[in-house]
Amino acid sequence: MKMTKLLSIAALTSMTMLSACSINIGGMDDEYGNHMSHRSAAEQESRNRQAISTLVPGESLDSVISRMGAADFSEFASKDGEQKTVLYYRTQRLHADGHTTKDECTPIVFIDGKVIGWGESAL
């Protein structure tokens with residue numbers, strides 16, 4: 001009887017310990033620390049490229065953020081009464097390190113809250 005109880009406790013303990021294990025097979029963490037598989041990261045990059053391809057000069061900052069969500073990086077400067085905002089959205093993977101860098105992003109440039117261009121040449 002004691003042996004049966006010991007085996008039951010050992011089996012239960014093993015199952016509990018195994019159920020807490022997880023295996024990470026590839027992927028990356030998003031800007032909030034949530035794990036994303038390579039597939040979902042690639043899908044997000046594809047969605048961002050698609051959304052950028054439909055941008056229209058003069059489109060509002062609010063409209064772009066509403067369609068594309070939070071940018072991976074953003075910058076703002078005000079000079080001579082002109083407000084310049086740059087939003088960076090990840091569109092390609094260059095480094096398989098799980099971190100997004102600006103060189104993996106496409107910049108969208110706004111002057112006074114309106115799109116004036118995108119891509120490196122717009123900077």
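Visitor: Which residue in the hairpin of β3 and β4 takes a positive phi?
Guide: Asp80 does, with a value near 50 degrees. Two residues lie between the strands of this hairpin. Strands are DSSP runs of E with at least two residues, helices are runs of H or I with at least four, and both are numbered from the N terminus.

Visitor: What kind of model is this?
Guide: The model is predicted: local features need pLDDT of at least 70, side-chain atom pairs count only at pLDDT 80 or more, and totals for chains, interfaces and linings use all residues. Residues are numbered from 1 along each chain as its sequence is written, and side-chain values use heavy atoms, leaving out hydrogens and water.

Visitor: What makes β3 hardly covered?
Guide: Look at the count of buried residues among its seven residues: zero. Buried means under 20% relative accessible area, exposed means over 50%, and partly exposed is in between (1.4 Å probe, protein chains only).

Visitor: Why is the pair of Phe73 and Tyr88 called edge-to-face?
Guide: Two values describe a pair of aromatic rings: the distance of the centres and the angle of the planes. Rings of Phe, Tyr and Trp (its six-membered ring) pair if their centres lie within 6.5 Å; planes under 30 degrees apart count as stacked, over 60 as edge-to-face and the rest as tilted. Here the centres are 6.5 Å apart and the planes stand at 85 degrees, so the pair is edge-to-face. The structure holds one aromatic pair. Phe73 sits in strand β3 (residues 73–79) and Tyr88 in strand β4 (residues 82–90), 15 residues apart.

Visitor: Is Tyr88 buried or exposed?
Guide: Tyr88 has 6% relative accessibility, so it counts as buried. Phe73 has 25%, so it is partly exposed.

Visitor: What makes Glu45 and Arg90 a salt bridge?
Guide: The rule asks for a side-chain nitrogen of Lys or Arg within 4 Å of a carboxyl oxygen of Asp or Glu. The closest N and O atoms of Glu45 and Arg90 are 2.5 Å apart, so the pair qualifies. Glu45 lies in helix α2 (residues 38–53) and Arg90 in strand β4, so the bridge ties together parts 45 residues apart in sequence. Both Glu45 and Arg90 are buried.

Visitor: How many salt bridges does this rule give?
Guide: The count comes to four. Among them is Glu59 with Arg67, at 2.9 Å between the closest N and O atoms. Glu59 counts as buried at 12%, and Arg67 as partly exposed at 41%.

Visitor: How do you know that Lys102 and Glu75 form a salt bridge?
Guide: Their closest N and O atoms are 2.3 Å apart. Lys102 lies in the loop between β4 and β5 (105–111) and Glu75 in strand β3, so this pair ties together parts 27 residues apart in sequence. Lys102 is partly exposed at 34%, and Glu75 is partly exposed at 33%. Elsewhere, salt bridges that share partners join Glu45, Arg90 and Glu104 into one network.

Visitor: Why does Gly113 count as partly exposed?
Guide: Its relative accessibility is 24%, so that label applies. Gly113 lies in the loop between β5 and β6 (114–118).

Visitor: Which residues does Gly113 touch?
Guide: Contact means heavy atoms within 4.5 Å. Leaving out residues up to four places away in sequence, Gly113 touches Glu59, Ser60 and Leu61. Gly113 and Asp62 are 8.0 Å apart, C-alpha to C-alpha, and 51 residues apart in sequence.

Notes
Two strands pair if DSSP finds at least two bridges between them.
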